[in-house]
Amino acid sequence: MKIPFNIPYLCGKEESYIREALLSRRHCGNHSFAERCIALMQERWDFQSIFLVPSGTAALEMGLLLADIKAGDEVILPSYTFSSTANAIVLRDAKPVFCEIDPATMNMDIAHMESLISEKTRLLLPIDYAGIPAEHDRIQQIASRHGLLVMDDAAQSLGSYYQGKPCGAWGDLAAFSFHETKNITCGEGGALLVNRPDWIQRATFLQEKGTDRSLVLSGVKSKYGWVDKGSSYLLSDLLAAMLLAQLESAEYIMRQRKKVTAAYQELYAPYAKQGCLCIARPPAGSSLNGHAFFVIFDKTDNRELFLAKLREKQVYAYIGYVPLHSSKMGQKLGYKAEDLPITEDLAKRVVRLPMYADLPEQGMQYCLESMEEVLQKIYSS
Ligand SMILES: *Cc1c(COP(=O)(O)O)cnc(C)c1O
């Protein structure tokens, strides 16, 4: 039996929705399926203003453009994240300032983040790793104390909550991803949440190539023109059709992923108790979307052994992010591996386990037994 790392879920309605979008002959962005996705997300999570964009990466880029991040500005983010989080900053000629992580969550270490604030700092850019909320209450407090903006890279956390408030709703801006590796997918896609009413109109300009086409569509103007910077930050309605089918199944998808999480929890907790490894300890008051499950081994050697032995059984777990500060590009920006020793160490010991909505019905028993066998081999001696 083979257990891949991820299998994108299909709820069954994708095909008929895509066909409907195709035959509508309205295939560009912000048409009826996009409107239905946005309405559903607003209703379900009480989000304010949502822009469907081509990717999570595009949402981050559009967000930093909207926040007017410029050359000379500094943005604080974890080094333990995807390249897109940092690229959005670098593309504005601003400086990414990399922050350590907390092993309990693999999210930004808030005390370290605060120590990195300088007079050049403009924005804080936390991520919600594995769907675990960053400590958004503390981040917001620190941001308002220092007069900083906050954008949440919520690519992994749609459907997670912290203190009763959904991930994405906390900062000035947030980015979601609908990439095929995420809970809800349309292959490639994303969303930008704009939580500041005074920024919404400008966001419609940036999304539509810097034009005020949105004012023509809403009947305010009869002709549109070039009014601002911008790009094409629009998701085709063909992909929005697939996205709608997925969003309608969000509850089921999360329920299935939470079943897997619970089973992993049960298997790994005793090993964590014995000090062989660590599993996530989400902050109090968080409710998770089941995006991912990670394990931090005591030693890199044991991680490598675990991955190799599981691979022999055709169970595919993977390492986490390779830290950005010590990457080739990070070095070009002047960082050294030693700058963030905690991140370096954790990244060498972490593993992400197979996780997808169909797993509870398709091989979960085999997956768990294989892991148990490998863990016993590693830690019995
Ligand atoms: C997936 C992901 C992204 C990028 O999203 P895309 O839709 O693939 O562009 C950015 N940040 C984080 C934390 C992610 O997990």
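Trainee: How far does a polar side-chain atom of Thr57 lie from an oxygen atom of the ligand?
Mentor: The distance is 2.5 Å. That is a polar contact (a pair of N or O atoms within 3.5 Å; within protein, one must be able to donate a hydrogen and the other to accept it, and residues adjacent in sequence count only if both atoms are side-chain atoms). Keep in mind that this is a predicted model: local features need pLDDT of at least 70, side-chain atom pairs count only at pLDDT 80 or more, and totals for chains, interfaces and linings use all residues. Residues are numbered from 1 along each chain as its sequence is written, and side-chain values use heavy atoms, leaving out hydrogens and water.

Trainee: What about Asp153 and a nitrogen atom of the ligand?
Mentor: A polar side-chain atom of Asp153 lies 2.8 Å from that nitrogen. Lys182 has a side-chain N or O atom 3.2 Å from a ligand oxygen.

Trainee: How much of the ligand's accessible area does the protein cover?
Mentor: It covers 93% of the 380 Å² that the ligand has on its own. Those areas come from the Shrake-Rupley method with a 1.4 Å probe; for residues, only the protein chains shown count as cover.

Trainee: And how many residues surround the ligand?
Mentor: 14 residues do, and Gly56 and Ser177 are among the closest. To be near, a residue needs a heavy atom within 4 Å.

Trainee: New topic. Which residues does Asn6 touch?
Mentor: Glu180, Thr181, Arg257, Met355 and Tyr356, not counting residues up to four places away in sequence. Contact means heavy atoms within 4.5 Å. The Asn6 side chain also reaches the backbone oxygen of Glu180 at 3.2 Å.

Trainee: How many salt bridges are there?
Mentor: The count comes to 19. The rule is a side-chain nitrogen of Lys or Arg within 4 Å of a carboxyl oxygen of Asp or Glu. One joins Arg122 and Asp73 at 2.9 Å, N to O. Arg122 is in strand E6, Asp73 in the loop between helix H3 and strand E2, 49 residues apart. Helices (H or I, at least four residues) and strands (E, at least two) are DSSP runs, numbered from the N terminus.

Trainee: Last one. In what order do the four strands of the open sheet run?
Mentor: E12-E14-E16-E15, with antiparallel pairing. Two strands pair if DSSP finds at least two bridges between them. E12 and E14 pair over three bridges. Leu277 has Phe297 in E14 as its bridge partner.
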